[in-house]
Amino acid sequence: MFNAGDIVKVLIPNVVNAGYDYRLTASAGVGDMVRVTVMMRPYVGVIIGPGDSHLPPQKIKSVSAILDGHMTAADLTWIHKMADWTMMAPGAVLRLILNVSDAFSPPRTEQLYTWHMADGTRMTAQRQMVADAFAANDNEAMSAADIQNIARVGASVVRGLVRGGNLVPTDVRARHNDATFVHQYRDTKSVTLNADQQAAADTLARHIDAGGFSVHLLDGVTGSGKTQVYFDALWRAYAAGRSVLLMMPEIALTAQFMDRFAARFGAPPVVWHSNLTAARRREIWRGVLAGDVRIVVGTRSALFLPWQDLGLVIIDEEHDGSYKQEDMGNYHARDMAVLRAAIAGFPVVLASATPSAETLENVALGKYGRLRLTSRFGGATMPTIETIDMRANRPTDYPIPGDGDQTRPGMLSPTLCDAIGETLSAGHQAMLFINRRGFAPIVQCRHCGWAAQCPDCSVGMTYHKRLGKLLCHMCGRTAPMPTACPDCGRDVSMRGAGLERIQEEIAARFPAARTALVSSDTMLSRAALERLVHKMESGEIDIVIGTQILAKGHHFPNLTLVGVVDADMGLYGTDFRAAEHTFQQLFQVAGRAGRGNIPGRVLMQTYQPDHPVMTAICAGARDEFMASDMAARRAAQMPPYGQLIALVVEGQKESVLQQFCADLAASAPALSGGKIMGPIAAQVYQIRNWYRMRFLISGPARANLQPIVRRWLNTVRIPANIRVKVDVGPQNFM
Ligand code: ADP
Ligand code: ZN
């Protein structure tokens, strides 16, 4: 405890600092949140210890206010260890937590709007996004800023809707009082666990009751009932008075899931994700800080809520790539949750049907326990999975609908088409999976070689039929689709297939089938996705064509056929995790088939039916596949048997960037047992007009490369127009 007049060190939530000294005006302790100013700007910071400044006392500013918020010693240790591991500054880590700027101010009053569907409104795609933003937030009133952020539309769209009477101004007032959160959860015990589930739940209950750190992998095929097992654990910790965080990938936060939660616990959970209104964020943040909110279901950033007495963290789909944050900092939420649990001493549950190599290795080392659920719940059988050898099963051309006798080369093999036909005549539903948006990924001139290329990024532009335009998938820039080659004036052609092209082919081959597209283009909002799920459930859709957005979390009893249009697509990358990720994704997609009483069937179109990924999926040989993939990684000293740190160096002037990279390479330290590779041009050399180079530092597992890299970077002066991004444990090698 410090007294009035004492000098303390306050950590500020911004990128560079490790703490500044302030004078207290009243007593306060380590971990207390305080209001201070830095260069005239107000911040909420945290007292991390006594001050150590050599400034004369009169130069030290006073703390402006001591706030009603506190972090424990374990929280502060976690922040510092996370900073050490990720090489972020401690202040940058703190910023992930103290990121609700008005959390300690009275609720702001602002002009709010409600949505009103006026007669005769001309609904553009952007206006629909606004409507969806309201639907996704239970039609609560929103400020103009919220509408722009959540619907991702510009101010002019909002102004137009206000003029047209679709956005109706409501009272200028602050929404939400903190009392909204008095949920009366109760365990309705609406399910009886089977023997496997009960055994897993019992083990978790023992660890939760005993307290202390542990990690368990809840390992079970899709549909085996993992959710009900971790619901049991969640209740156990909650009923004991602790807080519980359930993390999920954003696309798994579905209404179906919320309904299941409510069915079990009597009320829906508090949900945290990136598309909440500012008022809602503030309210949840304050609720968690006050200990009123003790269960949150959320995306990776929910780990950084100001948790009080966290007693359990559950991470569903633990292998999912969305847990890795790459832009503002580079943490892996799963690993940082485990770190937090190890420091504060509580159990973690990792659930997956396709656990990551990292987690499997921790199980093998005995660091994590494993709880297996071996079969689908209630006797639902696993689907049969087969490959279609595309070398022998050539698709035929199809007539372009509405275009006379013009034809286009097909992408769907006769075998897959037959299976679709059978499924439709049986009155069942089919899903076609292709992980590529748009109509055609390559637009080029076959005569002179011209290809549509983004002027700001070194990638080709994809033709999107829905937009009638070319779109850059890196930066979002659009361009008109040329009617003739801009270089030689002859005709341009489209190669490769995306979702929209598959939809066209289906329309040509099965004109009576009702289809829907699901991708991040068409499902910009949760509400749009819910509408689609509802149509699937009520049988208004026969064939759904989607990207991986559909691969998770949904349960459609009448869906009996899954066709993977291009199963090889993920195998071509240079990423050492390409095989693992392809396996996980195909397995996940396959898990959508036959979840009801009717057995399911999965057909994967491939040119490499003998590839280990394909044979393993067909045989259901997950463990064998992962074992051989991991053996290869062990031999190559790749994670989890080695450690990697990537440096992505970016600059707007190519010459400055190249010179800086050469300087950096020249001062690279010698590594015993490891190596520094680079600089090499990044796979995507240019994004949004920034040129990009990469270094990769590798070493044995537990090599502790961070201090070496930190010393190295400290030896060079980084020019103003260069940015260096440090990525510890990179998942992305673009
Ligand atoms: P997973 O998360 O492993 O994919 P789910 O938890 O979604 O599996 O369960 C699959 C299906 O089985 C769901 O419809 C779920 O409601 C049902 N189910 C699972 N366990 C039980 C249980 N003990 N009693 C009744 N239904 C269950
Ligand atoms: Zn671009």
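Helices (H or I, at least four residues) and strands (E, at least two) are taken here as DSSP runs, numbered from the N terminus. The structure is a predicted model, in which local features need pLDDT of at least 70 and side-chain atom pairs count only at pLDDT 80 or more, while totals for chains, interfaces and linings use all residues. Residues are numbered from 1 along each chain as its sequence is written, chains are lettered from A and ligands numbered from 1 in the order in which they are written, and side-chain values use heavy atoms, with hydrogens and water left out.

Alanine 135 lies in helix H3, which spans residues 125-136. With a relative accessible area of 38%, alanine 135 is partly exposed, a class that falls between buried (under 20%) and exposed (over 50%), as judged with a 1.4 Å probe on protein chains only. Tryptophan 115 is 20 residues from alanine 135 along the chain, and the C-alpha atoms of the two are separated by 9.0 Å. Aspartate 292, located in the loop between helix H9 (278-290) and strand S12 (295-298), is likewise partly exposed, with a relative accessible area of 48%. Between aspartate 292 and serine 243 there are 9.6 Å in space, C-alpha to C-alpha, although the two are 49 residues apart in sequence.

Glutamate 358, by contrast, is buried, with a relative accessible area of 16%, and has its place in helix H11 (residues 357-364). Residues up to four places away in sequence not being counted, glutamate 358 touches Arg334, Arg577, Arg633, Pro639 and Pro640, where contact means heavy atoms within 4.5 Å.

Helix H1 (residues 73-86) packs against helix H2 (residues 90-97) at an angle of about 125 degrees, and their axes are 8 Å apart. This angle makes H1 oblique to H2, since angles under 35 degrees count as roughly parallel, over 145 as roughly antiparallel, 65 to 115 as roughly perpendicular and the rest as oblique. The axes are lines fitted to C-alpha atoms, for helices over the stretch in contact, and angles run from 0 to 180 degrees between N-to-C directions. In this pair, Trp78, Ile79, His80, Met82 and Ala83 of H1 meet Pro90, Val93, Leu94, Leu96 and Ile97 of H2.
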